[in-house]
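Have the viewer open and follow along.

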Amino acid sequence: MEGKVKTRRSLLNWLLTGSLGTLILATIYPIIRFIYPPDKPEAVRNTIVAAKVGELEKNSGKIFKFGTKPGILVYTSGGDYRAFSAVCTHLQCTVQYEPTRGDIWCACHNGRFDLTGRNISGPPPSPLEAYDVAIRGEEIIVSRRTG
Amino acid sequence: MTRDRGRKIYDWLDSRVGLSSVVELLRQKQVPKHRHTTWYYFGGMTLFLFVIQIITGIFLLLYYRPTAEAAYESVKFIMTEVEFGWLMRSIHSWSANLMIAVMLIHMFSVFFLKSYRKPREVTWISGVLLLFLSLAFGFSGYLLPWNKLAYFATKVGTDIAGSIPVVGEPVLRLLRGGEEVTGATLTRFFGVHVAILPMIATFMLGLHLFLIQKHGMALPLKEAREKEAGGDLQNIPFMPNFLLRDAIGWIIALGFLVFLASVFPWELGEKADPLASAPAGIKPEWFFMFMFQTLKFIPGHILFIEGEILGILAFSTAGAILLFIPFIDKQANRLQDNRSLTIAGAIALIYFIIFTILGYIY
Amino acid sequence: MTFWMARQYRSVRYILILVSIVVLVPVNRLSADSCMKCHQEIEGAPDSPTKLIVSDIHYRNAISCADCHGGDPTVGYEEGDPSLAMDPEKGYIGVPSYNEIPKFCSRCHSDVEYMRERRPKLRIDQHQLYLTSVHGKRLKEGDKRVAQCVSCHGAHGILSSNDVRSSTYVENIPGTCANCHANEDYMARYGIPTDQYDEYSRSVHGRLLFEKHEKSAPTCNSCHGNHGAAPLGLASIAAACGQCHGINQALFDKSPHFEPWKELGIPECIRCHNHHLVLTPTDNQVGVGENSFCIECHSRGDNGYEAAAEMSSAIDSLKMLIDEADSIIRRIEMSGVDIETARYNLTEATDRLIEARNKIHSFNSRTVRDITKNGISKARHVIQSAEEAGEDMETKQKGLLFTSILIIILAGLLFLKIRQIEGRVNK
C-alpha cells in the first residue's frame, strides 16, 4: 500500500518535471529563433544587389526583383549602368531593354523610354522612376532615391 | 550526491545573500481559505501576463522601428521575416488584451469583496493607478504598428482629449507632439510605451506587491467578522499549495494565449496614410469601447454644455471616484456592507459590459 | 549704408537689384519712345496696350511698338504732334483689320532669315498652316468671328508657350479653345457641338492633364493641330490616336474589322472609345453582356458574337484568377508568412492580362485566348506557391496547438500534485 503511493508519487513528479521541462524548451526555442537575425536583415529595403559585375553584356538589360516590384538594370553600350523601376507608367506592365534601338520598351502598348527613364513615345504619361547604381566590389547595388 | 552539491551551493548563497529568511517568509506565509479564495488568483494572473508583456515587448524591440516611414514595414518584417515573429507579436497583442481583462476581473472582485478597506487603501489606489497605466499602455501601443485603423483611432482618441475646455489645446499638442497625428506622435507614443510607462508601472507594481506582502490577503466581510468574533478560519500554506494553484492559473492563461495567438494571429492591417480619408469602422480597443460608445450616444448639447465635454467630465469623475473608493466607503472599515455602493458598482459593471457590446453591434 | 553692407540683407539686395533690372531697364528704353510716352498718358485701363506690353515676349526682346505698327518713335512727343510719329509716309500702319492680322504677324514669323537670327528653334509655317485650317479658310471667306493669331495668343500681352500664365501653355490650351468652342451662343451659327471641353476634361486624357498635370498628356492640338486646326476626317482618326497608341492601331489594321468598317464608313477607335470623352475601358465592354460594344452590331449566331464571348470569358477567367491569387496572398501575408516572391511573380500574370486586353484590338479570339492561357498558368503557379507557404504556416500553428495541449496536461498534473500534497496533510 505504502509502496504503491510512493510509486504513484514518483511517477507524478517525473511526469511533472518532464512536461515542465518540455514547456520550457518549447518557450525558449522560439525565442532563440526570434533573436537570431533573419536572412533579410532589414525591414525597409531601399537597396538591393541587382546583378554581379560581368553578368551583363554591354547593350543589354536585366529585370531584377526589388521588393514586390520589378526593376530594370541596363548596361549601356557606352559602358555605364543605369537602373529604373521596370513598372511602366501607363498600365504597370513590366518594361524591357531593347538592344536594337537602345531604349527601354514596354511590350504591352509600345511605350518607350530613353536611358534616363524619360518617356519618349507611346502612351506612357510620365518617366520611369530612376534608381541610383553603385558598384561595390563584384556587386552592382541599386538603391531607391530617398527624400 | 547531487543533493549534497545543491545543499552546498545553497549554503554558500545563503551566507552571502540571506536566502533562508526569504524561504522562511514563504514557508510561514498563509493564505486564508474560504468560498471566495478563487478571486485571489486573478491578481497573480495579471502579474503573470504583465511579465509576458515585458518579455515579448523587449524582444519586439529588437526589430521594431518607431518612425512613420518604417514602423509598419518593421512590424510586417517581424511578422513575415523574423522566425516566430508573428507569434511574438500575436502573444504581445493578445496578452495585452487578456491582461486588461483579467485586471478588470481582479479589480471588480476586490471591489465587491470590499478588500480596499483599512489598512489597504494605498494598495487599492496603487492598483487603480496600475489599471490607468495599463490603459495608457494599450492606447500608446495600439498606434505603434502604424496601420490605418490605429492611426484614425488615435486621431479620434486624442481629439476627444483636445475637446476639453481650456487645457484641451495644449493637452492635444502634448499628446500628439504637434497639431496632427504624425510620425512625431508615433515616436512619442513609442517612448511613452517602452520607457516612461514601464518605469512608472514598475514602481507602482513594486509598491502594490510590497503592500500585499505586508498586509496579507484580505478577508471578505463575513469571514472578517467571524474572525473578529474569535472564529477559527481555515488557512492554506502559500508554499507550495497556493503557489501551485496560482501556477495552474498562469499555465491556463499561457495555454489560452498560445491558442489565441496560433488560431487567431493578430492582423497587421493596411499601412496608415495620413492623407487618406477616414475608413469606415474606426474603433478603439475594446476596453475604451464603452467610453467611445457613450460619447456617440450623448446628444450634441445638454442644456448649455457640449455633450462631449459632459461625457468626458462624467468619465473623469467616475475615474476619480474609483480611485478614492476606500475613502468613500467608511462602512467597510467597520466591516459593514455598504449596499448602495455595491449596487452602484454592479450598475457600473453592467453599464461597462452593455456599452462595450453595443459598440461592437453598432 | 548699413543696408547695403549688412550680411542679413544680402538676398533682399539681390532681389532689389534684379527687380530694377527687369522693370527699369525696358521702361527706360521705352520712355524714350514717343509711342509709349503719349499712349501711357492717354491710356489708363489695366488691359491697355502700354500696360500689357510690359510682360510681352516681343517687348522683352526689344521689339518696340513701331516694329509692328510702323511709324517713327523718335519724334512726335516733344513736338506735341503725334502725327509726326504716326505718319503713313514713315510706314505707319496703325491697327490692322481683323482679317489682316495673320498676315501682320507673319511678316516676321514667316520670315526665315528674320526668325533664324532671333529664334532659330521656332517654326515659320504657322501662317501657311493657318491658311489650311477651318479658321483660316473661313476668315478668307470674310467670317470675322473665327479665330486668328490674337484670339489665342493675345495681342499685346503675348507670352511664350513655356510660360505657365500663357494661354498656349499646354495645360491652358483646352481652356483657350473652349473660350469659343464651349460657348453655345457663339457657336450656334456653325452647327457644331460645344461639349468638347466638358467631355475632354472628364476623359482619361483630360484628367491626366488637369489632375495629374502630366505635360505629355494629349490636348486639343495633339489631334487637331494648332495653327492648322481642323476636324479629323474619318481616315485620319486612327492616325491621330495611333500617334501614341500605335500598337493598337497596328493590331486593328490587321483585324477583320479594318476592311468592312472602312467600306461602311465606321470610324476606327472612336466607334467604341468615343472621341473627346475617352474613358478607361472596362472589361464588360467586350463580350455579349449588356454593356458590351460588340453586341451593338453582332448578334447571336454570327462569328463576331462567338469571338466576343470567347475573348470576354478568356479575360474574365484570368482576371478572376488574379483576384483570387491576390486575396490568397493578402490572407497569408496577414498571418505572417513571407510571400513577397509570390506577389512579385503575380506581376507576370497581370502583365498577361493587360496584354490580352490590348490584343482585343486584333479581334482574334485565339490570340487573346493564348495570352490568357499563359497568364492563367502563371497565376495558378502563384496560387500554388502561396498555398504551400500558407500550409507552412498551418504546420507552425499545429505545432502551437500541440504546445497548448502540453500546457493543459501540465495544468492537470499540477492539479493532481496539489491533491496529493493536500491529501497527505489531511491524513
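N110(A) sits in the loop between β6 (103-106) and β7 (111-113) of chain A. This is a predicted model, so keep that in mind throughout. The backbone at N110(A) is worth a look: phi is near 65°, a positive value in a residue other than glycine.

N110(A) also turns up in the lining of the largest cavity. How many cavities of 30 Å³ or more does the structure hold? There is one, and the volume of the largest cavity comes out at about 40 Å³. Around N110(A), the lining includes C106(A), C108(A), H109(A) and G111(A). C88(A), H90(A), L91(A) and C93(A) are also among the lining residues, as are P123(A) and P124(A). Sorted by class, that lining has seven nonpolar residues, four polar ones and no charged ones.

Next, the backbone of chain B, where two peptide bonds deserve a stop. K118(B) and P119(B) are joined by a cis peptide bond with omega of about 5°. P119(B) belongs to the loop between α5 (85-112) and α6 (121-143) of chain B. Another cis bond runs from M239(B) to P240(B), with omega near -10°. Here the setting is a helix: P240(B) lies in α11 (residues 238-263) of chain B.

While you're in chain B, find the salt bridge between the side chains of R35(B) and E223(B), at 3.1 Å from N to O. R35(B) is in the loop between β1 (30-32) and α3 (40-61) of chain B, while E223(B) is in helix α10 (residues 221-228), so the pair ties together parts that are 188 residues apart in sequence. Over all chains, the structure holds 35 salt bridges.

Now for the interfaces. The size of an interface is often given as the accessible area lost when the parts come together. Here are the two chain pairs, side by side:

| Chain pair | Residues in contact | Buried area | Share on carbon and sulfur atoms |
|---|---|---|---|
| Chain A and chain C | 35 residues of chain A, 27 residues of chain C | about 2600 Å² | 65% |
| Chain C and chain B | 22 residues of chain C, 25 residues of chain B | about 2100 Å² | 72% |

Start with chain A against chain C, which bury about 2600 Å² between them. On the chain A side, the residues that lose the most area to chain C are L12(A), K65(A) and T68(A), together 21% of what that side buries. How many salt bridges cross the interface of chain A and chain C? The rule finds zero. Polar contacts do show up, with six residue pairs counted between chain A and chain C, both partners at pLDDT 80 or more. As for the elements involved, α1 (2-35), β2 (60-66) and β3 (69-75) of chain A each give two or more residues to the side that touches chain C. α1(A) gives the most, with 11 residues. By class, this side of chain A divides into 16 nonpolar, 13 polar and six charged residues.

Terms used: Residues numbered from 1 in each chain as written. Chains lettered and ligands numbered in written order. Predicted model: local features only at pLDDT ≥ 70, side-chain atom pairs only at ≥ 80, totals over all residues. Heavy atoms only, no water. Contact = heavy atoms within 4.5 Å. Buried area = accessible area lost by both parts, 1.4 Å probe. 1 Å grid on protein atoms, 1.4 Å probe; cavity = no way out; pocket = protein on both sides within 12 Å on 5 of 7 lines; lining within 4 Å. Points joined across faces, edges and corners; volume = space filled by probe spheres on them. Nonpolar A, V, L, I, M, F, W, Y, C, P; charged D, E, K, R; others polar. Salt bridge = Lys/Arg side-chain N within 4 Å of Asp/Glu carboxyl O. Polar contact = N/O pair within 3.5 Å; in protein donor to acceptor, adjacent residues only side chain to side chain. Helix = DSSP H or I, 4+ residues; strand = E, 2+ residues; numbered from the N terminus.
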